[in-house]
Amino acid sequence: MVHRRGSALLVVPVLVLSLFLVGCPKRPATTAASAPPPTGSPAPSTAAPSTTPTPGPGMTPSPAAPGTATPTTPPRPSEFRETDNLKDVFFDFDKYDIRASDAKVLDTNATWLKTNNDLVLIEGHCDERGTNEYNLALGERRAKATMNYLVGQGVQANRITIISYGKERPVCTEHSEACWTKNRRAHFLVKAR
Amino acid sequence: MNKLMRPGRPLGFLVGLVVLAALGGALFSPPAARSQAADVLLNVLATGAKKLNIVIPHFTVAGGGDPQLGRSLSQVTARDLTFSSLFSVVSDVPPIPAGDPAALKAAFANFAAAGAHAGLQGLLTLRGDRAEIEMRLHDLTSPEFRLIGAKKLELPAAQARRLAHKVADEVVLQFTGEAGVADTKVAYVSQRPGSKELGMMDYDGASPTRVTSNNSINVSPVWSPDTRSLAFTSYMRGYPYLYRMFPFENRPVQVLAGFLGINTSPAFSPDGGSVALTLSRDGNPEVYVLNLTSGAFRRLTTHSGIDTEPTWSPTGREIAFVSERAGGAHIFVMDAEGANVRRLTQAGFNTQPRWSPKGDTIVFTSRQGNFDLWGIAPNGSSLRRLTAGPGNNEGASWAPNGRHLVFQSNRLAGAYQLFTMLSDGSEQQPLTRAPGEATSASWSPRLP
């Protein structure tokens, strides 16, 4: 006999995904996809998902905000290279304001940048403490604050791309304040146009 | 006469009372309509039991199948029921022959005399590539060891272990009115030198499987409510975009959000139709909601500081999130349209809010020296500490029953691994001993 169940069965809603049909004005979908009907039980986890992403609803980069002529399709981070001409700046725990001593470093960086026409990638980094998600936001703010300072010193905003790595790419991996201090940084890479 | 269990009516209510009594020392008055139930409750309490005692003999394998399979599956079920914390389990008992009431009575009699409340018989049949278990649950407090629940469950033979989980979930359902959480998965981030890949495993740590293999950084996996997909942030294309993938299906990865800046911290709405997330496309990290049907993004927060880590209430009407608008990082709640923002936490550095599927608690990570897990009611009351070291304890994710949590801790040898505990912080135990580190757990809803 089968007893009446006291709680809801897990009902799998039939998701008709119109993800690819709308919301993607500049890069229309090449594949219209709808979810197959639920199979009732998931297959054993052997299906190797493709690693090639397909366009989704948010694939179109947002238009640049007024006043910031950010390139809409920045080069991949791997296209930028290290340079000795741009020095890192560092931040206090959970802070993203530019410290006075670091402002001098950024002044020097800005002076060098104005001698050439290279593109710049500013990486924002955090120490290992706290969540991935919060640190991704914090790293973004650090990169942005650094960018804003350089723009204030006359570097064209449309030369600059920022990326947050949060706590994901530490330069120092010991669990100590000495190490954390080194990791809370903005780092610079360049790419010739 | 002892009436421990009655068919058809959820006895869960009773066990719920027992558990509440055990955990909180508080007893509710049973509703009048169910006043008969009090007999059972009093009966169980009178024995001094905090848990129901259940005996689980090795499952009986029909048709000359390998008895070892019946034995190992019964032990999976036994571990599941022990983990549930609702049962005290006796297992490693010889199987009971099928269709032999006398043998069954003889097998259970000594356990009944020793205080067992229930006995579970499992009858396993393999047919080609299908495996079937008939579970039969007996009330050992009744004179005839009355059958109080029976059900047949079937899956591909390759997923036989899931059958054992499903049996456990069915037993929990019979006693509590809500299925157990054994037939679930935990997705997580597996950190090796140079990369962070997504993995998933059974809720008990068995069958770990790689979900991504892109040699990049992949973080923040979260399950969709239908358990078919995971949303996550990945650097596979260089910048932190938000993706969705289908770990059980051969389908391409989708890009959910690929704006300039960060595309992070996904959280599916309870109906699965939307994803709350963090974008910095408008200048700084703000919380948005992506409608998965229309593709439209709706901005919920407007503040010059960081707003991130949204988590939905189970009704979908409210969203808790992290904001530094009050200085430092604190937990706030707003309605799903972004209005009526109220502050929940007052002290410390507070992140990673996760709203209980039951709605009554928001668990979060607080830094006061080390990181530890705390709980708070959505109205700001009932602030309580759930962990107190050792090491850091962070990143909780709720089981679908709202009773268990998985979290990460570096308490052992400094490397982060996953642990589980009950929602009051008790019964903390290790879940993973993975190479490298295991972090960022997401406990799936029940599998279909």
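This is a predicted model: local features need pLDDT of at least 70, side-chain atom pairs count only at pLDDT 80 or more; totals for chains, interfaces and linings use all residues.
## Nonpolar core

The largest nonpolar core holds 149 residues. Those with the most contacts inside this core are A:I122, B:I54, B:V186, B:L230 and B:V275. Helix 2 of chain A, residues 132-152, gives the most to the core, with 9 residues. Chain B contributes from two domains: domain 1 (12-176) and domain 2 (185-443) both give residues, so the core lies between them.

B:L230 is one of the residues with the most contacts inside the core. Setting aside neighbours within four places in sequence, B:L230 is in contact with B:A187, B:L198 and B:V211, among others. The list also includes B:P221, B:V222 and B:W223. B:M245 and B:P247 complete the set.

## Helix pair in chain A

Helix 2 of chain A, which gives the most to the core, also packs against helix 1 of chain A, residues 100-113. The two axes come within 9 Å and cross at roughly 60°. Helix 1 and helix 2 of chain A are therefore oblique to each other. The crossing is right-handed.

Which residues meet where helix 1 and helix 2 of chain A come together? Helix 1 supplies A:A103, A:L106, A:N109, A:A110 and A:L113. Helix 2 supplies A:T146, A:Y149 and A:L150.

## Backbone features in chain B loops

Most peptide bonds are trans, and most residues other than glycine have a negative phi. Chain B has a cis peptide bond from B:G389 to B:P390, with omega near -10°. B:P390 sits in the loop between strand 25 (384-385) and strand 26 (393-398) of chain B.

Two residues other than glycine have a positive phi: B:S382, near 60°, and B:E427, at about 55°. B:S382 is in the loop between strand 24 (370-376) and strand 25 of chain B. B:E427 is in the loop between strand 28 (417-422) and strand 29 (429-430) of chain B.

## Exposure of the positive-phi residues

Are B:S382 and B:E427 buried or exposed? B:S382 has 11 C-beta neighbours inside 10 Å, so B:S382 counts as exposed. B:E427 has 11 other C-beta atoms within 10 Å, so B:E427 is exposed.

Terms used
Residues are numbered from 1 along each chain as its sequence is written. Chains are lettered from A and ligands numbered from 1 in the order in which they are written. A nonpolar core is a set of buried Ala, Val, Leu, Ile, Met, Phe, Trp, Tyr and Cys residues joined through C-beta atoms within 7 Å. A residue is buried if 20 or more other C-beta atoms lie within 10 Å of its own, exposed if 12 or fewer, and partly exposed in between; C-beta atoms are placed from the backbone. Helices (H or I, at least four residues) and strands (E, at least two) are DSSP runs, numbered from the N terminus. Domain bounds come from an automatic or database domain assignment. Two residues are in contact if their C-beta atoms, placed from the backbone, lie within 7 Å. Axes are lines fitted to C-alpha atoms, for helices over the stretch in contact, and angles run from 0 to 180 degrees between N-to-C directions. Angles under 35 degrees count as roughly parallel, over 145 as roughly antiparallel, 65 to 115 as roughly perpendicular and the rest as oblique. A crossing is left-handed if the near helix is turned anticlockwise from the far one by less than a right angle, and right-handed if clockwise.
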